[in-house]
Every structure is written in C-alpha cells, then in structure tokens.
Amino acid sequence: ATVIFMVVNVPILRTLVYMQVNLHVVNLIFLSLLLWRRKPFLSALALALAVHFKASPIILVFAFILERDWRWLAWFTLNFFLIGAFSYLSHGISPFVDFVHNVLSLPASRGINFRENSFDSLFFALTTFFKADNFPTQYLIYIVKFIVGVITLIVVAANIKHQTFYKEETRGKYLFNSIPALLVLLTLASPIVWVHHGVFLALAFLVILKRLSSSFQWTLYGFAYFLEFLVPTFDFFPWSYGRLLSPMIILGLLWLLPRQQNRPSVFEAINCWLPKINTIRDASSGEGI
C-alpha cells in the first residue's frame, strides 16, 4: 500500500519538481516517532530540526505533552534553543526577524491564488468573489481555525479513549493515537497550503487504511484520497479547493472510526485469511493436523 501510495502521488511529485524541503520535514517527523522509545534525545532532536525547517510541526509537540514525557520535552526544548543558537551565530538575528515579519505581514500581502488550499486563501477568494472588501475576513479565518482546533482536540480525545491506532496499555497510547489527527491540524491550521504540503497527511491516510470497516468509510476515504493525491494542481474557483476538503474528510473519518467497527477491515480480513491458507496448504501436504 505504501509503495503504491508513493508511485502515483501529486504532492510528492510537486515536492520533487520544486525541490521543496517537505520530504525532509516528514522524514524528521517519522524519525521522531520511531526513535521516541529507545533514543528520546535523538527523537527530540529530529522534531526540533523539523520545526526549524517549517514552524507548523510544533503542533505535534502537543502529543508528547499528552504522553507526559517530561524528559523528552526537556530534550526538545534544549535542542530547539541550541539549533536556534547555531543559526544565530551563523547568520545573526535577521532570519528570526524575517520569519516574524513574514508571518505578521502575510494577511496584508496575500494575493488570490486558487491553487493555494488554505482557509485563508478560500475566505479571501470568497471575499473578492462577493466584492465584500470591507468584511473582516481575517477575524473569520481565526474563528474558523479555532473551531477546527477544538474539533481536532475532541477527535484526539476520542481516538485516545478508544485506542483507535494503538491498543497497548503501555507508553505510547496518548502519543500514537493523537498523531494522525494532529497531522491533519498541522495542515488545516497553516496560513499557506500548497499542493506539495499534502505529504504531511501521508501517515494519517496510511494508518487509517487499517481501520476502515464499512463501504461508507471506504467511499469517504477514496474521495478524500482522490482529491488530495490524484487530482493535478489547477486554478479554477471553487473546484481547486478540493484539497482543503480532503483533510476535513479525514478528520471526520478519525471521528467515525472508533464508533463503526461492525465488521473487520480489509487488512484484518487478509490477516485472518493467511493462517487459513497456510492450514490448507499444510493439510494438503499431510502436515496440517
């Protein structure tokens, strides 16, 4: 499934063509999760580096706060400031000042670009379309993102309660069950979301595959997957904002999954079939009984 996911994937293609750093950031996020148990220092260092590449992965720190891993949080804080100090010694304070200036000046300098799939882009496009230039669009964007943040926290709580992705009663229950929804929030909360930012949703899309259990869920998933990873980038209002709809569908699926486990998913069914196939094969050779 992962190989097929990588082969036909518009966000990955756009990342490679435009030589973006997104794959480096995604790899650092994955390393942070994989190294968390055995190498907490390296795990914290990986996420600190990811945050210095792009600020949005800072949202994932919340998962470690939920896990109450104070040692990891201490390592992250130390690494974060050490990396910042290295940047300061190399280039002075100007990179940090430029970052703050760019963030603050983004609403005023924003143009209309229909292939940019953030809430900011959508609402400013609607404001222009309806000629409502005096409408307080930026405040509406803040309200919408706040509501999305609250909904994401509710979904995180549901996934932790039902242990949707990680069912062990050991360390990791809070971390691994909250990461998929937080990756969706990472995308939805960003003030700029280009096509290549879809790579941040890869882990959420892939782990959900193991929990889909109804035709309705598969239909929703297939529609979201089509919008995010298969549709070429284009400028055509409002249809080009489909990639904004996709992560919201995934957020809805993350809410539905703990509540609709009426029949086994495709992956669980395959896991049940494999022992039966082995039993039949062994029986045919006289070794099955």
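First, how a pocket is found. On a 1 Å grid over the protein atoms alone, a pocket is an open set of points with protein on both sides within 12 Å along at least five of seven lines, while a cavity is a set of points where a 1.4 Å probe fits but cannot get out; lining residues have an atom within 4 Å of a point. Grid points are joined across faces, edges and corners, and a volume is the space filled by probe spheres set on the points.

Now the ground rules. This is a predicted model, so local features need pLDDT of at least 70 and side-chain atom pairs count only at pLDDT 80 or more, while totals for chains, interfaces and linings use all residues. Residues are numbered from 1 along each chain as its sequence is written, and side-chain values use heavy atoms, with hydrogens and water left out.

The largest pocket holds about 1100 Å³ of space. It is lined by 36 residues, and the closest to its centre are Lys-54, Ala-55, Ser-56, Phe-99 and Val-103. Elements giving two or more residues to that lining include helix H4 (40–53), helix H6 (70–91) and helix H7 (94–109). Helices here are DSSP runs (H or I, at least four residues), numbered from the N terminus. H7 gives the most, with 9 residues. By class, the lining has 23 nonpolar, 9 polar and 4 charged residues. For those classes, Ala, Val, Leu, Ile, Met, Phe, Trp, Tyr, Cys and Pro count as nonpolar, Asp, Glu, Lys and Arg as charged, and the others, Gly among them, as polar.

Next, the second largest pocket, at about 370 Å³. Among its lining residues are Phe-30, Phe-165, Phe-176, Lys-210 and Arg-211.

The largest cavity has about 60 Å³. H13 (242–256) gives the largest share of its lining, 3 residues. That lining counts 6 nonpolar, 4 polar and 2 charged residues.

On to the core. The largest nonpolar core has 65 residues, and Leu-47, Trp-72, Tyr-221, Ile-250 and Leu-254 have the most contacts inside it. Helix H10 (residues 173–188) supplies the largest share of this core, 9 residues. A nonpolar core here is a set of buried Ala, Val, Leu, Ile, Met, Phe, Trp, Tyr and Cys residues joined through side-chain atoms within 4.5 Å. Buried means under 20% relative accessible area, exposed over 50%, partly exposed in between (1.4 Å probe, protein chains only). Take Trp-72: its contacts (heavy atoms within 4.5 Å) include Trp-36, Pro-40, Leu-47 and Phe-64, not counting residues up to four places away in sequence.

Last, the backbone. Helix H9 (residues 137–162) has 26 residues and should span 38 Å at 1.5 Å a residue; its end C-alpha atoms are 37 Å apart, which agrees. The expected span is 1.5 Å times one less than the number of residues.

Most residues other than glycine have a negative phi, and most peptide bonds are trans. Here are the exceptions I picked. Just after H9, Gln-163 takes a positive phi of about 50 degrees. Is Gln-163 buried or exposed? Buried, with a relative accessible area of 13%. Arg-68 has phi near 60 degrees, and Arg-68 is exposed, at 64%. Finally, the peptide bond from Phe-237 to Pro-238 is cis, with omega near 0 degrees. Pro-238 sits in the loop between helix H12 (215–230) and H13.
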